Amino acid sequence: MAVSPATQLRVPRLVAATSASMVTLVAVMGGLGWLPETASGPTATRSSASSESGAALTSSTHEPAGGATDPVVGSATDGAADATTDPATSGVTSTRFTGQSERTRLRLAGERAVPPDSGDGRRVVFAQGAQRVWLVGENGKVRRTYLVSGSVEDNLDPGSYEVYSRSEDAFGINDSGTMKFMVRFTTGDHAAIGFHDLPIKNDRLVQTKAQLGTPRSHGCIRQWRPDAKALWAFAPLGTDVEVVA
């Protein structure tokens, strides 16, 4: 069938008009968000950004280069290092030194070293001058060390003692409050002397955790509750207690 010249001219115009309409329609749908996003579009951009954020977060949580674990263990009482709990040692807290200068690390390790001439074997060591306690295992390894608050008076002679009495609940002298995890190892002029947690009087602790490391008691050795629990578990009747100046 023959096609007239007028019809031949209208066909390209119709195709061009149809193509222009399709382009306009696609543009409108894209502007309204009706078109699906492809891997090369905004979705791929967001995934890339998320991956970079995740990588940055992971990197920021890595231990700084040169970080080391000190073999001496301590408790969170000291507040000078990151603490992690070792489940194999019944709540014993190990201290990991991260991001600290070598001088600081050595100073802290020195403070946590067991004092010389403080006995041997499995024992509790209390240094009156440093106001610090060490729980030492049979192999001589420190299992826990932390700051305490001993007596404001010089009521203990350096030497060897032994745990002779224990009470999970106890009362202080002169209405000085109640305490838990009392581990007695000697007697003073007016009452027994031992280790226990911070006393509570009138529903309040008689001192703060931050005040540990300074003498504040009537004779006993005050400990932060987790440390008191640790010593309670560590020191049954007959446990050696070494007191040093």
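**Questions on a predicted model: core, pocket and salt bridges**

Reader: Does D197 count as buried or exposed?
Author: The relative accessibility of D197 is 2%. Buried means under 20% relative accessible area, exposed over 50% and partly exposed in between, with a 1.4 Å probe and protein chains only. At 2%, D197 therefore counts as buried.

Reader: What kind of model is this?
Author: Residues are numbered from 1 along each chain as its sequence is written, and side-chain values use heavy atoms, leaving out hydrogens and water. Local features need pLDDT of at least 70, side-chain atom pairs count only at pLDDT 80 or more, and totals for chains, interfaces and linings use all residues, since this is a predicted model.

Reader: How many helices and strands does the protein chain have?
Author: Both kinds of element are DSSP runs numbered from the N terminus: helices (H or I) need at least four residues, strands (E) at least two. By this rule, the protein chain has four helices and 14 strands.

Reader: What share of the contacts in the protein chain with a separation of 6 or more joins residues 24 or more positions apart?
Author: A contact means heavy atoms within 4.5 Å. Among contacts with a separation of 6 or more, residues 24 or more positions apart account for 55%.

Reader: Which residues lie closest to the centre of the largest pocket?
Author: A pocket is found on a 1 Å grid over the protein atoms alone: an open set of points with protein on both sides within 12 Å along at least five of seven lines, unlike a cavity, where a 1.4 Å probe fits but cannot get out; lining residues have an atom within 4 Å of a point. Grid points are joined across faces, edges and corners, and a volume is the space filled by probe spheres set on the points. The largest pocket holds about 520 Å³ of space. Its lining has 28 residues, and the closest to the centre are I173, A191, A192, H218 and G219.

Reader: How many residues in the lining of the largest pocket are charged?
Author: Ala, Val, Leu, Ile, Met, Phe, Trp, Tyr, Cys and Pro count as nonpolar, Asp, Glu, Lys and Arg as charged, and the others, Gly among them, as polar. The largest share of the lining, four residues, comes from β9. The lining divides into eleven nonpolar and twelve polar residues, while the charged ones number five.

Reader: How many residues apart in sequence are the parts that R144 and D227 tie together?
Author: A salt bridge is a side-chain nitrogen of Lys or Arg within 4 Å of a carboxyl oxygen of Asp or Glu. R144 is buried at 3% relative accessibility, and D227 is buried at 1%. They form a salt bridge whose closest N and O atoms are 2.9 Å apart. Because R144 lies in strand β6 (residues 142-147) and D227 in helix α4, the separation in sequence of the parts tied together is 83 residues.

Reader: Which residue forms a salt bridge with D197?
Author: The whole structure has three salt bridges. In the bridge of D197, the closest N and O atoms are 2.6 Å apart, and the partner is R225.

Reader: Is D169 buried or exposed?
Author: D169 forms a salt bridge with K180, with the closest N and O atoms 2.8 Å apart. The two are eleven residues apart, D169 in strand β8 and K180 in strand β9. K180 is partly exposed at 23% relative accessible area. D169 has a relative accessible area of 52% and is therefore exposed.

Reader: What is the phi of N202 near?
Author: N202 lies in the loop between β11 (200-201) and β12 (204-205), and is exposed at 67% relative accessibility. Most residues other than glycine have a negative phi. The phi of N202 is positive, near 55°.
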